[in-house]
Amino acid sequence: MTDTDTPNAEPARARALLSTADMKLLRRALESHARATEDREEIAKINALHHRLGTYVPASGE
């Protein structure tokens, strides 16, 4: 077995799926939807997701 046959010991670096602009757009969409709905359960879910999106820290190199 040669060095080229040996599998890479470290996985490739993960890349961000969404850009910072994508995250801002998603947050604005959630805000709009929250204002349009009166379902308290859905608003609670929207608020939780909105919070998680707000704590998103994009990977360097974006």
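In which helix is His-50 found?

**Entry 1, ground rules.** I am working from a predicted model, in which local features need pLDDT of at least 70 and side-chain atom pairs count only at pLDDT 80 or more, while totals for chains, interfaces and linings use all residues. I number residues from 1 along each chain as its sequence is written, and the side-chain values use heavy atoms, with hydrogens and water left out.

I looked up His-50 and found it in helix H2, residues 40–54; helices here are DSSP runs of H or I with at least four residues, numbered from the N terminus. His-50 counts as buried because its relative accessibility is 16%, where buried means under 20% relative accessible area, exposed over 50%, and partly exposed in between, with a 1.4 Å probe and protein chains only. Leaving aside residues up to four places away in sequence, I see His-50 touching Arg-27, Leu-30 and Glu-31, a contact being heavy atoms within 4.5 Å.

I checked the length of H2: its 15 residues should span 21 Å at 1.5 Å a residue, and its end C-alpha atoms are 21 Å apart, which agrees; the expected span is 1.5 Å times one less than the number of residues. The buried residues of H2 are Ile-46, His-50 and Leu-53. Seen down the axis of H2, these buried residues fall within an arc of 60 degrees, so they line one face of the helix; the arc is taken from the directions from the helix axis to the C-beta atoms. An α-helix has 3.6 residues a turn, so residues three or four places apart point the same way. The buried residues of H2 pack against H1, whereas Arg-40, Glu-41, Lys-45, His-51 and Arg-52 are exposed on the other side of H2.

Is His-51 buried or exposed? I note that His-51 counts as exposed, because its relative accessibility is 54%. His-51 and Arg-27 are 24 residues apart in sequence, and their C-alpha atoms are 8.9 Å apart in space. Lys-45 also counts as exposed, at 59% relative accessibility, and its C-alpha atom is separated by 9.5 Å from that of Ala-34, eleven residues apart along the chain.

I then turned to H1, residues 20–36, whose 17 residues reach 25 Å from the first C-alpha to the last, close to the 24 Å expected at 1.5 Å a residue. In H1 the buried residues are Met-23, Leu-30 and Ala-34. They lie on the same side of H1, because they cover an arc of only 35 degrees around the axis. What covers them includes H2, and the face turned away from this buried side carries exposed residues, among them Lys-24, Arg-28 and Arg-35.

At what angle do H1 and H2 pack? I find an angle of about 160 degrees, with the axes 10 Å apart; axes are lines fitted to C-alpha atoms, for helices over the stretch in contact, and angles run from 0 to 180 degrees between N-to-C directions. That makes H1 roughly antiparallel to H2, a label for angles over 145 degrees. Among the H1 residues that meet H2 are Arg-27, Leu-30 and Glu-31, and the H2 residues that meet H1 include Ile-46, His-50 and Leu-53.

Methods. Helices (H or I, at least four residues) and strands (E, at least two) are DSSP runs, numbered from the N terminus. Angles under 35 degrees count as roughly parallel, over 145 as roughly antiparallel, 65 to 115 as roughly perpendicular and the rest as oblique.
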